[in-house]
Amino acid sequence: MKNTKLPTFQRAFLAPKYWGFWLGVGIWRALLLLPYPILRHLGNGLGWLFSRLKVGKRRAAIARRNLELCFPDISATEREALLQENLRSVGMAIIETGMAWFWSDSRIKKWSKIDGLHYLKENQQDGIIFVGVHFLTLELGARIVGLHHPGLGVYRPNDNPAFDWLQTQGRLRSNKDMLDRKDLRGIIKAIRNGETIWYAPDHDYGRKNAVFVPFFAVKEACTTTGSYYLLKSSPKSKVIPFAPLRNQDGSGYTVSISAPVDFSDLDDETAVAVRMNQIVEKEIMKGVSQYMWLHRRFKTRPQESDVSLYD
């Protein structure tokens with residue numbers, strides 16, 4: 001049964017206040033007609049431009065701090081090189097999101113491959129919690145996987161209603177349906193019915209429903225307890241991580257799907273959160289420079305009076 005709450009196109013989107021938005025979308029789509037090798041250079045250029053803008057400099061400072069906190073044992077020179085590569089990936093993410101939403105199936109398949117697809121096929125009857133770490137390539141990775149194994153996407157509605165409609169249409173290119181991330185009942189029901197649900201437990205979602213457990217070198221990172229409740233509510237479901245990565249040689253993309261991870265020996269929120277963070281770390285290490293380090297991952301501290309790690 002389709003989610004009837006998904007955004008639909010409104011005549012109001014044709015009003016003058018949206019004309020700039022649609023012009024931007026038109027230019028975006030036109031650029032995506034270019035050959036992929038040219039799009040790679042364009043994406044790198046956008047990343048360079050982003051790093052020079054005020055918002056880019058602010059986000060770069062957050063990413064630099066995250067890298068310092070997570071990888072204190074590597075040199076400052078290595079971290080800075082990693083940061084610059086990450087900023088180029090930010091620009092490429094704009095291109096890759098457009099590829100995910102607008103490219104044809106045949107063009108997506110030409111530039112992508114999947115390793116480990118059998119893990120999804122072999123376990124789909126039990127329901128799958130598909131752990132999609134926040135790589136900058138995530139939109140494209142979801143499209144690639146969906147062409148071979150459609151599932152249900154979990155999303156946060158966008159504040160711009162026209163963009164909300166556009167992104168939903170793009171994501172439905174390869175998903176059976178979309179569920180609001182706050183619809184926990186719907187998510188659990190879908191998993192119990194043998195669906196594959198994309199799940200992202202790697203961001204800081206606030207103090208509510210969270211525990212503080214290690215994440216890389218940070219000993220107390222705010223981590224959602226949603227993983228525990230999903231597993232408790234759907235004990236037969238399988239936790240399967242994946243990493244959608246841009247090939248360094250310019251040959252396209254490889255989505256690597258990992259074997260199911262067993263949580264059956266754990267029975268409390270903290271232990272589940274610890275293991276889930278370990279899964280996330282392992283996936284991130286497959287492509288550190290392509291991860292979304294721009295997010296303030298450690299903004300919530302164990303005590304509200306604790307000094308911010310970003311000051």
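Helices and strands here are DSSP runs numbered from the N terminus, a helix being a run of H or I of at least four residues and a strand a run of E of at least two. The structure is a predicted model, in which local features need pLDDT of at least 70, side-chain atom pairs count only at pLDDT 80 or more, and totals for chains, interfaces and linings use all residues. Residues are numbered from 1 along each chain as its sequence is written, and side-chain values use heavy atoms, with hydrogens and water left out.

**Exercise 1.** Locate Phe-216 and Asn-209, and decide whether each is buried or exposed.

Solution. Begin with Phe-216, which sits in the loop between E6 and strand E7 (218-224). Its phi is positive, at about 50 degrees, although Phe-216 is not a glycine. Buried means under 20% relative accessible area, exposed over 50%, and partly exposed in between (1.4 Å probe, protein chains only). Phe-216 counts as buried because its relative accessibility is 17%.

**Exercise 2.** Describe the surroundings and pairing of strand E3.

Solution. Strand E3 covers residues 151-155, and five of its five residues are buried, so the strand is largely enclosed by the rest of the structure. Two strands pair if DSSP finds at least two bridges between them; E3 and strand E4 (residues 175-180) pair in the parallel sense over five bridges. Within this pairing, Val-154 stands opposite Leu-179 in E4.

**Exercise 3.** Identify the residues that form the nonpolar patch and those that gather in the patch of positive charge on the surface.

Solution. A patch is made of residues with over 30% relative accessible area and no salt bridge, with like charges joined within 9 Å and nonpolar side chains (Val, Leu, Ile, Met, Phe, Trp, Tyr) within 5 Å. A salt bridge is a side-chain nitrogen of Lys or Arg within 4 Å of a carboxyl oxygen of Asp or Glu. The nonpolar patch consists of Leu-23, Ile-27, Leu-31, Leu-34 and Ile-38, together with about 420 Å² of accessible area, computed by the Shrake-Rupley method with a 1.4 Å probe. Its largest share, three residues, comes from helix H1 (residues 19-31). Leu-31 lies in helix H1 and is partly exposed, at 35% relative accessible area. The positive patch gathers Lys-54, Arg-58, Arg-59, Arg-296 and Lys-299. Lys-299 is placed in the segment after helix H11 (269-284) and counts as partly exposed, at 39% relative accessibility.

Note on methods: Lys, Arg positive; Asp, Glu negative; His and termini not counted. Charge placed at Lys NZ, Arg CZ, Asp CG, Glu CD.
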